[in-house]
Amino acid sequence: MDTFVVSTPSASSDSSSSMTVVGNAIYLAWSENITGGEEGNEIFFSKSIDGGNTFSEKLNLSQNDDDSRNPSIAAYRNEVHVVWDDESVTPSHFSEILY
């Protein structure tokens, strides 16, 4: 099997990732720093439905101005669920868990 690069983190990235497999489907979620600054991590998602031969374009799940980190992904049959720590919803910048 070939290796596919879904995303290349920047040097300043504090990335984390999560993966789950159901049958031939592979689901990935990861944090990626898109600004190059201390904050600016977003949560991305990609999937393969052919056992990892190809992957979908990455999808930005968090889409916010603050920090989103530590994704966790779970799947059952054709349902996929992703949660992550996010600092965008509180003025004090304490993390909350988003889904």
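Begin by selecting Trp-84 and Leu-98: Trp-84 stands opposite Leu-98 in strand 7. Strands here are DSSP runs of E with at least two residues, numbered from the N terminus. The model is a predicted one, in which local features need pLDDT of at least 70, side-chain atom pairs count only at pLDDT 80 or more, and totals for chains, interfaces and linings use all residues. Residues are numbered from 1 along each chain as its sequence is written, and side-chain values rest on heavy atoms, with hydrogens and water left out.

**The open sheet**

Next, select strand 6 (residues 79-86) together with strand 7; three bridges join these antiparallel strands. Two strands count as paired if DSSP finds at least two bridges between them. Strands of a sheet pair through backbone hydrogen bonds, either parallel or antiparallel.

The three strands form an open sheet in the order 5-6-7, with antiparallel pairing. Strand 5 (68-76) and strand 7 (96-98) are the edges, each with a single partner strand, so one side of each has no neighbour in the sheet. On average, neighbouring strands of this sheet are turned by 20° against each other, direction ignored; the axes are lines fitted to C-alpha atoms, and angles between N-to-C directions run from 0 to 180 degrees.

**Strand 3 and its partners**

Move to strand 3 (residues 41-48), where seven of the eight residues are buried, that is, under 20% relative accessible area with a 1.4 Å probe, protein chains only. Strand 2 (residues 25-33) runs antiparallel to strand 3 and is joined to it by eight bridges. Within strand 3, Lys-47 is found opposite Tyr-27. Strand 4 (residues 59-60) also pairs with strand 3 in the antiparallel sense, over two bridges; there, Asn-60 is the bridge partner of Phe-44.

Select Ser-48, which belongs to strand 3. Is this residue, Ser-48, buried or exposed? Ser-48 is buried, with a relative accessible area of 0%. A polar atom of its side chain lies 2.8 Å from the backbone oxygen of Thr-54.

**The nonpolar core**

Finally, select Ala-25, Tyr-27, Ala-29, Ile-43, Phe-45, Ile-73, Val-82 and Trp-84, the eight residues of the largest nonpolar core. Such a core is a set of buried Ala, Val, Leu, Ile, Met, Phe, Trp, Tyr and Cys residues joined through side-chain atoms within 4.5 Å. Strand 2, strand 3 and strand 6 each give two or more residues to this core, and the largest share, three residues, comes from strand 2.

How values were computed
Buried means under 20% relative accessible area, exposed over 50%, partly exposed in between (1.4 Å probe, protein chains only). Helices (H or I, at least four residues) and strands (E, at least two) are DSSP runs, numbered from the N terminus. A polar contact is a pair of N or O atoms within 3.5 Å; within protein, one must be able to donate a hydrogen and the other to accept it, and residues adjacent in sequence count only if both atoms are side-chain atoms.
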